[in-house]
Amino acid sequence: MKRQVPLFLSVLFFSAVLGQVSYSIPEEMPKGSFVGNIAQDLGLDVKRLHSGKARVFTRDSTAYVELNRERGRLLIKERIDREAICGQTTPCALHFQILLENPMEFYSITVEIIDINDNPPTFITNDVQFNISESALIGSTFNLDRATDADVGENGLKTYVLKPTDIFSLKMNNQGDGSKNVEMVLNAPLDREKNEHLSLVLTAVDGGEPQMSGTMQIHITVLDANDNEPVFTQSVYKASIQENAAVGTVVVRVTATDADHGSNGKITYSISGMLDHARGMFEINKATGEVTLIGKVDFEKSRSFQVNIRASDDGGLTGSCKLIVDVLDMNDNSPDIHIMSKSNVISEDAKPNTVVTMINVEDVDSAENGKVHCVVNDNNNFMLKSTSDKFYSLVTDSELDRERSSEYNITVSCSDEGVPSLSSSVTLTLQISDVNDNAPVFERSSYEAYIVENNTPGLSVFTVKARDADWNQNARVSYILEDSSVNGVPVSSYVSVSADSGVIHAVRSFDYEQIKKFHFRVKAQDGGSPPLSSNVTVKILIQDQNDNPPQVLYPVQTGGSLVAELVPRSADVGYLVTKVVAVDVDSGQNAWLSYKLQKATDRALFEVGSQNGEIRTIRQVTDKDAVKQRLSVIVEDNGQPSRSATVVVNVAVADSFPEVLSEFTDFTHDKEYNDNLTFYLVLALAVVSFLFITCVVVIISVKIYRWRQSRVLYHSNLPVIPYYPPRYSDTLGTGTLQHVYNYEVCRTTDSRKSDCKFGGAGSQNVLIMDPSSTGTMQRIQSEKSILDEPDSPLEQKPPNNDWRFTQGQRPGPSGATGGPEVAMGTGPWPQPPTEAEQLQALMAAANEVSEATATLGPGTMGLSTRYSPQFTLQHVPDYRQNVYIPGSTATLTSNPQQQQQQQQATAQQAAQQALPPPQASAQPEPPKAAQTPASKKKSTKKEKK
């Protein structure tokens with residue numbers, strides 16, 4: 001039967017951190033029933049329940065109440081049976097906590113379970129047997145088994161009803177513990193002869209609504225007279241037993257006496273009644289009355305037991321007593337630690353008193369055995385704070401540092417005060433997340449490195465190294481060269497730093513004489529946000545190399561004047577003539593100088609101090625010593641390899657200045673001039689001999705080569721090789737040097753003082769090939785010349801005075817460059833070429849002939865590469881019939897029938913072979929060159945052939 005029971009709500013108190021709310025609900029409510037609006041009662045926003053991941057925390061596995069986060073309500077999750085949860089304990093309540101995170105909070109909730117009348121009274125047995133003597137006196141009492149009702153309060157057992165009531169009536173006696181002892185009272189005498197057996201019904205009724213009841217049948221057998229009932233020595237027996245007592249332990253021994261004799265005085269002991277939680281825990285020896293433990297007792301479940309004992313004689317009389325057994329607590333339960341909520345990771349910049357974990361600790365033992373103390377193993381960084389009874393918060397006690405410890409294994413140990421003390425512990429693993437709180441640190445406070453001068457640019461000097469105690473990206477170090485200057489020049493032009501490795505490279509080659517040392521700063525920056533950095537000073541020391549020879553400061557070496565040291569003929573031994581002063585811009589051993597006498601007119605007269613460079617006499621000066629003394633002193637440094645310088649010291653051994661002047665008038669010039677002249681004469685002789693031999697070999701080779709080529713070309717159809725005047729080139733400019741350069745040479749008597757100046761290029765004259773003509777035309781390419789003579793843009797320059805090729809156009813060995821007139825393009829027409837020039841022209845002709853022969857095609861004339869590919873037979877005269885050799889009157893003809901015609905035209909071709917063809921415009925015709933004796937001689941040779 002379901003009944004509507006009013007719901008009572010009681011809010012005890014609230015707190016921003018810890019609050020407690022109490023509710024009252026009846027038992028046996030269906031699932032999903034409303035318990036209370038926890039959000040409203042605690043003053044929390046429903047959003048807070050969502051963000052804090054609110055949940056119900058209970059110590060045991062059974063959760064009777066659940067939280068609806070959506071509406072902030074507590075609902076029934078499982079059917080609640082008050083009798084199963086609390087038994088006879090009142091009041092009965094459920095205790096649990098509501099946990100919130102971010103930040104961590106919890107609220108204690110108490111739900112009181114109100115009893116409903118859902119259990120009827122029950123008896124231990126449904127039937128009970130009594131043997132009563134007929135001599136029993138009116139008013140005799142007989143103890144009946146009490147009924148038990150699992151309900152409490154008004155719903156518990158209220159009264160008993162005995163029917164019928166004509167012989168027996170019911171009597172109830174209140175006990176000290178609030179219970180009632182039920183006795184059956186004889187109201188009328190018994191008569192076995194009238195009624196030997198009687199049957200009664202005992203009904204137990206509770207006070208609930210609706211009322212519920214339970215019955216027990218009482219069967220009475222009327223016996224003969226037994227007028228004495230057993231009597232216990234004590235009405236109430238008390239005993240105690242430890243909760244860890246073994247089965248079979250004797251709890252107590254009860255004793256009853258009967259004044260009757262015989263069978264009426266023989267007493268039998270039995271247990272007449274006990275509560276539900278005591279059933280099955282004890283038994284009594286029927287003969288001796290010893291009460292023995294047959295079950296395991298647990299102080300935490302039941303702290304005392306109450307047992308009703310009956311003593312019966314054979315005559316049917318009974319006596320009763322009550323046995324109260326108290327259970328003694330033993331320290332058999334260690335503290336129970338529950339982690340309510342915890343954080344596995346915490347940032348190293350967390351402030352002190354940051355909550356890490358919330359812990360619930362309970363010890364079900366009592367008194368001293370249930371008092372618990374908790375400690376944490378790491379007292380330096382963490383501590384436990386007791387927020388309320390049995391609840392602790394593990395908080396940080398100091399600032400954390402991941403670099404000191406990246407992980408903490410925190411052990412919380414709880415122990416009670418029992419003897420012996422029991423304890424339990426739990427270990428929490430807490431990871432510390434990194435924060436960029438450490439700047440990179442260099443291995444040294446400053447760096448100093450050495451590098452030898454004249455180094456190769458890009459050379460690795462050394463490496464700076466910085467370490468960051470942070471982790472991952474926060475520990476990634478980059479190296480940066482800070483902006484600064486060295487002698488007004490940015491330091492980045494001296495060195496560079498690798499951003500990843502910290503390797504410092506030299507950007508330039510250093511010179512110790514210009515810079516000996518410099519310093520700069522390198523910044524190491526990590527990859528955190530924001531980044532942290534540190535600086536270090538780097539000092540670079542340049543080490544000297546022996547790359548500078550000594551420099552002589554005195555005596556000064558002049559080019560034109562003579563400086564001589566005067567030594568009187570009366571000078572004694574050790575006379576200081578002069579001192580050679582020299583310096584070396586290097587340093588250290590590279591600048592240690594030593595002096596040696598290399599050459600001397602008279603080595604027996606002078607010596608040089610190896611350390612100080614002092615020139616002194618080593619003997620007495622005599623009249624036989626020459627006036628002019630020339631000393632050559634070598635100054636050498638101590639480097640590896642060593643460098644040296646030589647100085648010439650002129651010494652005059654004389655007593656007067658005029659004597660010295662007459663002797664040294666032409667001393668320097670003549671001496672140097674004679675030495676140089678001898679050298680140049682020997683060199684010129686060697687060169688002339690080499691050139692002579694080379695020319696002989698070349699001439700012989702050319703003769704042989706010319707003879708062989710004439711044999712080959714005799715039967716070939718070859719093109720004419722145009723012969724251009726000097727300083728002219730073809731249209732496409734195939735010459736190696738298209739310009740003529742002027743050289744100004746200044747020579748003196750002293751060849752060391754000669755000078756050579758290079759002038760600019762001469763006018764750039766080219767030949768233009770007219771497609772409709774067989775000749776060439778001179779054109780001036782220079783814009784300046786065209787602007788100067790606008791009326792005649794293609795005016796022909798006066799002929800050259802040299803018929804030979806220019807330096808760039810001449811094949812074979814390089815020829816001599818023309819004079820100034822040639823460079824300017826002026827002068828008379830050239831003279832006929834000499835025989836050597838003919839040989840050179842022949843060699844060039846042979847080369848081009850071979851190229852032309854290899855490239856002849858069916859429709860295109862085989863020309864050399866100096867002609868354009870578009871230049872075909874229709875654009876040029878037919879030169880395939882003969883080949884003219886410049887400088888000669890001979891013509892090579894491939895067609896035998898045309899040889900006679902070619903011999904007749906040889907004279908005209910010899911005069912016009914290198915002249916430009918006449919143009920349509922009226923240009924002055926250059927005069928024909930006069931025939932030289934050499935050309936006449938060649939003509940005579942040709943005619944003879």
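Student: Which ring does the charged end of lysine 516 sit over?

Tutor: The ring of tyrosine 512. The charged end lies 5.0 Å from the ring centre. Keep in mind that this is a predicted model.

Student: And arginine 508, what does its charged end sit over?

Tutor: The ring of tyrosine 494, 4.3 Å from its centre. Tyr494 also belongs to a cluster.

Student: How many aromatic pairs does the structure hold?

Tutor: It holds 14. One of them joins phenylalanine 142 and phenylalanine 168, with ring centres 6.1 Å apart. The planes are at 70°, so this pair is edge-to-face.

Student: Where in the chain do those two sit?

Tutor: Phenylalanine 142 is in strand S10, residues 141-143. Phenylalanine 168 is in strand S12, residues 168-174. They are 26 residues apart, and the pair links distant parts of the chain.

Student: Is phenylalanine 142 buried or exposed? What about phenylalanine 168, buried or exposed?

Tutor: Phenylalanine 142 is buried, at 2% relative accessibility. Phenylalanine 168 is buried as well, at 1%.

Student: Now phenylalanine 679 and tyrosine 680. Why is that pair edge-to-face?

Tutor: Because the planes are at 65°, and over 60 degrees counts as edge-to-face. The ring centres are 5.4 Å apart. Tyrosine 680 is partly exposed, with a relative accessible area of 37%.

Student: Which residues make the nonpolar surface patch?

Tutor: Phe679 and Tyr680 again, with Leu683, Val687, Phe690 and Leu691. The patch is about 600 Å². Phenylalanine 690 is found in helix H5, residues 667-713. With 57% relative accessibility, phenylalanine 690 counts as exposed.

Student: Switching to charges. How many salt bridges are there?

Tutor: The structure holds 18. One of them joins arginine 310 and aspartate 145, with the closest N and O atoms 2.9 Å apart. That pair links distant parts of the chain, 165 residues apart. Arginine 310 is in strand S23, residues 304-313, and aspartate 145 is in the loop between S10 and S11.

Student: Are arginine 310 and aspartate 145 buried or exposed?

Tutor: Arginine 310 is buried, and aspartate 145 is too.

Student: What does glutamate 78 meet in a salt bridge?

Tutor: The side chain of lysine 31, at 3.9 Å from N to O. Both ends of the pair are in loops, 47 residues apart. Glutamate 78 lies between strand S6 (73-76) and H3, while lysine 31 lies between strand S2 (20-26) and strand S3 (34-37). Glutamate 78 is partly exposed at 32%. Lysine 31 is exposed at 59%.

Student: And which residue pairs with glutamate 614?

Tutor: Arginine 616, with the closest N and O atoms 2.8 Å apart. Glutamate 614 is buried, at 18% relative accessible area. Arginine 616 counts as partly exposed, at 28%.

Student: Which residues are linked in a salt-bridge network?

Tutor: Arg82, Glu83 and Asp115.

Student: Backbone next. Which peptide bonds are cis?

Tutor: Threonine 90 to proline 91 is cis, with omega near -5°. Proline 91 lies in the loop between helix H3 (82-86) and strand S7 (92-100). Lysine 163 to proline 164 is also cis, with omega near -10°. Proline 164 is in the loop between strand S11 (157-163) and S12.

Student: What is phi at asparagine 472? And at asparagine 487?

Tutor: Asparagine 472 has phi near 60°, a positive value in a residue other than glycine. Its loop runs between strand S36 (466-467) and strand S37 (477-481). Asparagine 487 has phi near 55°, again positive. Its loop lies between strand S38 (485-486) and strand S39 (489-490). Asparagine 472 is exposed at 54%, and asparagine 487 is exposed at 65%.

Student: Last bit, the whole protein. How many helices and strands?

Tutor: Eleven helices and 58 strands. Buried residues make up 40% of the 945 residues. The accessible surface comes to about 51,300 Å², and 52% of it belongs to carbon and sulfur atoms.

Student: What share of the contacts join residues at least 24 apart?

Tutor: 67%, among contacts between residues at least 6 apart in sequence.

Definitions and conventions. Residues numbered from 1 in each chain as written. Predicted model: local features only at pLDDT ≥ 70, side-chain atom pairs only at ≥ 80, totals over all residues. Heavy atoms only, no water. Phe/Tyr/Trp six-rings, centres within 6.5 Å; stacked < 30°, edge-to-face > 60°. Helix = DSSP H or I, 4+ residues; strand = E, 2+ residues; numbered from the N terminus. Buried < 20%, exposed > 50% of the residue type's maximum accessible area, 1.4 Å probe, protein only. Lys NZ or Arg CZ within 6 Å of the ring centre and 35° of its normal. Patch = residues over 30% accessible without salt bridge, like charges linked within 9 Å, V, L, I, M, F, W, Y side chains within 5 Å. Areas by Shrake-Rupley, 256 points an atom, 1.4 Å probe, with all protein chains shown as cover. Salt bridge = Lys/Arg side-chain N within 4 Å of Asp/Glu carboxyl O. Contact = heavy atoms within 4.5 Å.
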